[in-house]
Amino acid sequence: MTKAYSRLVAAVFCLFLGGMLVWSLLLPDRDRSEAENRTLAQWPAFSWASLRDGSYTEAVEEYFSDQFPLRDQWTGLKARAEQIIGKREFHGVYLCDDPLFNSGTLISRVDTPDAALVEKNLGYVTALTDKTDVPAYLGLIPSAAEIWQDRLPAGAESWDQAAFLKRAAETGVPVVDFRSILSAHADEYIFYRTDHHWTSRGAYYGYAAVMEALGRGAETLPITHFAPEPVSGDFNGTLYSQSGVHWLEPDYMQFWVPEEGLTVTSWRSGAPETAALYDRTYLDQKDKYSAFLGGNQPLCVIQNEALPDGGKLLLVRDSYSDSLAPFLSQSFSEIHLLDLRYYRASVAQYAAENDIDAILVLYSVPNFVTDRNLAFLGQ
């Protein structure tokens, strides 16, 4: 009886695997996984050299893994099964309790970075200040792992961002104190729960911190000045994709700043083209956060015709800047955003040629300590 049962289980298992294999071969290949927000592996080109060195078989294995039928559903099921047995970390993302949302929140672990790279990046910021007469500031935005560390599971590991921020302040470059204002509002919805970015509310507090650091705190528009516009209630962001935790309540998104009176110009292909403060086409896609300014690009300029004497601010950016820039546009004549991944000319020269009044190197802490493009600051 036991042998017969074992044979039956083995036969069913083999039939299952065989059926899944046939199913995967019959299904058309997918280019992308919307749930994981990434490109999926395609069938590799064969060569004897790749077969000999093993890269061909590795690529075939990756192909079957990526093109497995119902991959997104199996990934979510795996994470749910692990959660049931008590696991709280999923591919570097912690599943945490959330006092605002019963379903919980996702917080990305921040790993200890390369100490040498961290010091180099701080040095590149200092080098920028030596190459320009324009006042330069450093804005480092702590992630949710720092601001919401009390929500992390007991014993959860995450790099000490507070100590790094103290070290950054020792460079002598004026810093923007994001940590204090975000910590003061930690009980609010300042970070998305399924994405690593700050929300529009978090970006507003970031705006207040920037204005204070630049000596213009008295000009900060009060939070009551803005009328948030709900634009999405089903945002599942990068942490949703990375973790496989697909059962949380989706995030909601809001646009706080009106577009009227603003002119937005983008240099996506090297030539100026008319753009928008919000690209609402992204609201129908997985990458909804890119609705802010249309996502990553080499150069973007926002002009506010109602503030001809408001001054010009240059942001050397990562993606956190995209939801912050709309607020800054309400207090400056022009906001210029440069992305060093795509813009490789001299930042100091750009500031001089465009009569910039202040430069702000603005990055989230996890991005700053791992970015290898900051070397271009010193050109």
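Guide: The model is predicted. Let us begin with a cut-off: a residue is called buried when its relative accessible area is under 20%, and exposed when that area is over 50%.

Visitor: Why is Ser 290 called buried?

Guide: Ser 290 has a relative accessibility of 11%. The limit for a buried residue is under 20%, so Ser 290 counts as buried. Ser 290 belongs to the loop between strand E11 (273-275) and strand E12 (299-304). Leaving aside residues up to four places away in sequence, Ser 290 touches Tyr 282 and Gly 295.

Visitor: Is Leu 293 buried or exposed, and how do you know?

Guide: The relative accessible area of Leu 293 is 2%. Because buried means under 20%, Leu 293 is buried. Leu 293 also lies in the loop between E11 and E12.

Visitor: What makes the backbone of Leu 293 worth a remark?

Guide: Most residues other than glycine have a negative phi. Leu 293 is not a glycine, yet its phi is positive, near 65 degrees.

Visitor: Which value of phi does Asp 355 have, and why is Asp 355 called exposed?

Guide: Asp 355 is not a glycine and has a positive phi of about 55 degrees. Its relative accessibility is 54%; exposed means over 50%, so Asp 355 counts as exposed. Asp 355 is placed in the loop between helix H12 (347-353) and strand E15 (358-364).

Visitor: What share of the chain is buried?

Guide: Of the 379 residues in the chain, 49% are buried.

Visitor: Which residues touch the most other members of the largest nonpolar core?

Guide: They are Phe 164, Trp 198 and Phe 368, in a core of 95 residues. Helix H9 (residues 200-213) gives the most to this core, with 7 residues. Not counting residues up to four places away in sequence, Trp 198 touches several residues, among them Phe 178, Phe 191, Tyr 289 and Leu 324.

Visitor: Which residues lie nearest the centre of the largest pocket, and how is its lining divided?

Guide: Ser 108, Arg 109, Val 110, His 196 and Pro 366 lie nearest the centre, in a lining of 25 residues. The elements that give two or more residues to this lining include strand E5 (105-108) and helix H13 (365-368). By residue type, the lining divides into 12 nonpolar, 10 polar and 3 charged. The pocket has a volume of about 390 Å³.

Definitions and conventions:
Residues are numbered from 1 along each chain as its sequence is written. This is a predicted model: local features need pLDDT of at least 70, side-chain atom pairs count only at pLDDT 80 or more; totals for chains, interfaces and linings use all residues. Side-chain values use heavy atoms; hydrogens and water are left out. On a 1 Å grid over the protein atoms alone, a cavity is a set of points where a 1.4 Å probe fits but cannot get out, and a pocket is an open set with protein on both sides within 12 Å along at least five of seven lines; lining residues have an atom within 4 Å of a point. Grid points are joined across faces, edges and corners, and a volume is the space filled by probe spheres set on the points. Helices (H or I, at least four residues) and strands (E, at least two) are DSSP runs, numbered from the N terminus. Ala, Val, Leu, Ile, Met, Phe, Trp, Tyr, Cys and Pro count as nonpolar, Asp, Glu, Lys and Arg as charged, and the others, Gly among them, as polar. Buried means under 20% relative accessible area, exposed over 50%, partly exposed in between (1.4 Å probe, protein chains only). A nonpolar core is a set of buried Ala, Val, Leu, Ile, Met, Phe, Trp, Tyr and Cys residues joined through side-chain atoms within 4.5 Å. Contact means heavy atoms within 4.5 Å.
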